[in-house]
Amino acid sequence: MQRVFRFSLVGLLGIASLTACGDKVNVVGPTSTSVGSQVHGVTVTPTAATMNVGDKLTFVASVNADAGVADKTVAWTSSNTAVATIDATGVVTAKAAGTSSIIATSNADKTQAAAATVTVGAGAVTSITVSSINQTTCGILSGCTSAPANLANIV
């Protein structure tokens, strides 16, 4: 019995010394993680294009941003609208020979932008001149005959 008492006394003293130590433990409850709202960058695809006058090509912009950024759209601009213009949906129209930068700027953070290079060649405008057209008619009994068509009736 003396052994049991000594063992219990040692255990009780051990617990008392731990509680008297003075260490405080603060338990912090679960914290909510805040949703970030930073734009990290913008990319434009394709990064370069070669076009002829009159050609149209659609460019695509992607905004890399935290989940808290609601507006992941861009504003499009052209550095040289005499060479190439771009509309709000990213469609580039080649206007004249030369080079222009197509720039996509984040609407959420105007400091974040990316650019693509458009090179427009002079490109020959193709025109076709029709001087004559033959019209062929086939009949069951008479066979096929060909005669010049009246070009005044063609639009």
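Which strand is Ser100 found in? Ser100 belongs to strand E8, residues 98-106. The model is predicted, so to speak with care: local features need pLDDT of at least 70, side-chain atom pairs count only at pLDDT 80 or more, and totals for chains, interfaces and linings use all residues. Residues are numbered from 1 along each chain as its sequence is written, and side-chain values use heavy atoms, with hydrogens and water left out.

Let us start with the whole protein. It holds 1 helix and 11 strands, taken as DSSP runs numbered from the N terminus (helices H or I, at least four residues; strands E, at least two). From the N terminus, the order is α-β-β-β-β-β-β-β-β-β-β-β. Of the 155 residues, 19% are buried, meaning under 20% relative accessible area with a 1.4 Å probe, protein chains only.

Now back to Ser100. This residue counts as buried because its relative accessibility is 2%. Leaving aside residues up to four places away in sequence, Ser100 touches Ser78, Ser79, Asn80, Val83, Ala84, Ala116, Thr117 and Val118, where a contact means heavy atoms within 4.5 Å. Its side chain also has polar partners (N or O atom pairs within 3.5 Å, one able to donate a hydrogen and the other to accept it; residues adjacent in sequence count only if both atoms are side-chain atoms):

| Ser100 side chain to | Distance |
|---|---|
| Ser78 side chain | 2.8 Å |
| Asn80 backbone nitrogen | 3.2 Å |

Note on methods. Buried means under 20% relative accessible area, exposed over 50%, partly exposed in between (1.4 Å probe, protein chains only).
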